[in-house]
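Please open the model in your viewer and keep the sequence panel beside it. The tour below goes from one selection to the next and says what is there each time.

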Amino acid sequence: MSVGDPGEDALDVARARAEGEITSARQARDLGAALDAVQPLARAWINFFTDVLVNADDPAVRARRYALVSATAEALGRVADFTKVTDQGGQR
């Protein structure tokens with residue numbers, strides 16, 4: 001779904017691609033392939049938060065961006081529970 005914003009579009013394309021690859025990897029029980037599928041999505045995720053104002057003034061744009069963030073987090077959550085990965089306040 002192209003919305004014309006390059007950052008949103010790039011994340012949406014990466015998410016859609018990763019979702020298919022993650023599904024295939026999960027069916028094959030191949031964690032390595034699932035993690036490989038996440039790498040391009042992670043790059044698009046970082047670029048999105050660097051290049052896109054998620055809390056846009058326009059409520060419709062903001063809602064669309066929040067939905068994209070939620071869908072991407074859901075896709076990532078199908079690989080691992082990333083809430084369990086923490087740097088403990090910078091201490092490792």
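**The whole chain**

Begin with the entire protein chain selected: of its contacts (heavy atoms within 4.5 Å) with a separation of 6 or more, 62% are between residues 24 or more positions apart. This is a predicted model, in which local features need pLDDT of at least 70 and side-chain atom pairs count only at pLDDT 80 or more, while totals for chains, interfaces and linings use all residues. Residues are numbered from 1 along each chain as its sequence is written, and side-chain values use heavy atoms, with hydrogens and water left out.

Helices (H or I, at least four residues) and strands (E, at least two) are DSSP runs, numbered from the N terminus. Of the 92 residues, 29% are buried, where buried means under 20% relative accessible area, exposed over 50%, and partly exposed in between, with a 1.4 Å probe and protein chains only.

Select H1, which has 22 residues and reaches 32 Å from its first C-alpha to its last, close to the 32 Å expected at 1.5 Å a residue; the expected span is 1.5 Å times one less than the number of residues.

Next pick Ala 14 in H1, which counts as buried because its relative accessibility is 11%. Leaving aside residues up to four places away in sequence, Ala 14 touches Pro 40, Leu 41 and Ala 44.

Move on to Arg 29, in the loop between H1 and H2, which counts as exposed because its relative accessibility is 79%. Its phi is positive, near 55 degrees. Most residues other than glycine have a negative phi.

**Helix H3 and its two sides**

Select residues 59-77, the 19 residues of helix H3, which should span 27 Å at 1.5 Å a residue and whose end C-alpha atoms are 26 Å apart, in agreement with that value. Colour Val 61, Arg 65, Leu 68, Val 69, Thr 72, Ala 75 and Leu 76, which are buried in H3. Seen down the helix axis, the buried residues of H3 fall within an arc of 125 degrees, so they line one face; the arc is that of the directions from the axis to the C-beta atoms. Turned away from that buried side are the exposed residues Pro 59, Ala 60 and Glu 74, whereas the cover over the buried residues includes H1 (6-27) and H2 (31-51).

**The core**

What lies in the largest nonpolar core? Among its 18 residues, Leu 11, Ile 22, Val 38, Leu 41, Phe 48 and Val 79 touch the most other members. H1, H2 and H3 are the elements that give two or more residues to this core, and the largest share, six residues, comes from H2. Such a core is a set of buried Ala, Val, Leu, Ile, Met, Phe, Trp, Tyr and Cys residues joined through side-chain atoms within 4.5 Å.

Finish at Phe 48, which touches Gly 7, Glu 8, Leu 11, Val 54, Arg 65, Leu 68 and Val 69, not counting residues up to four places away in sequence.
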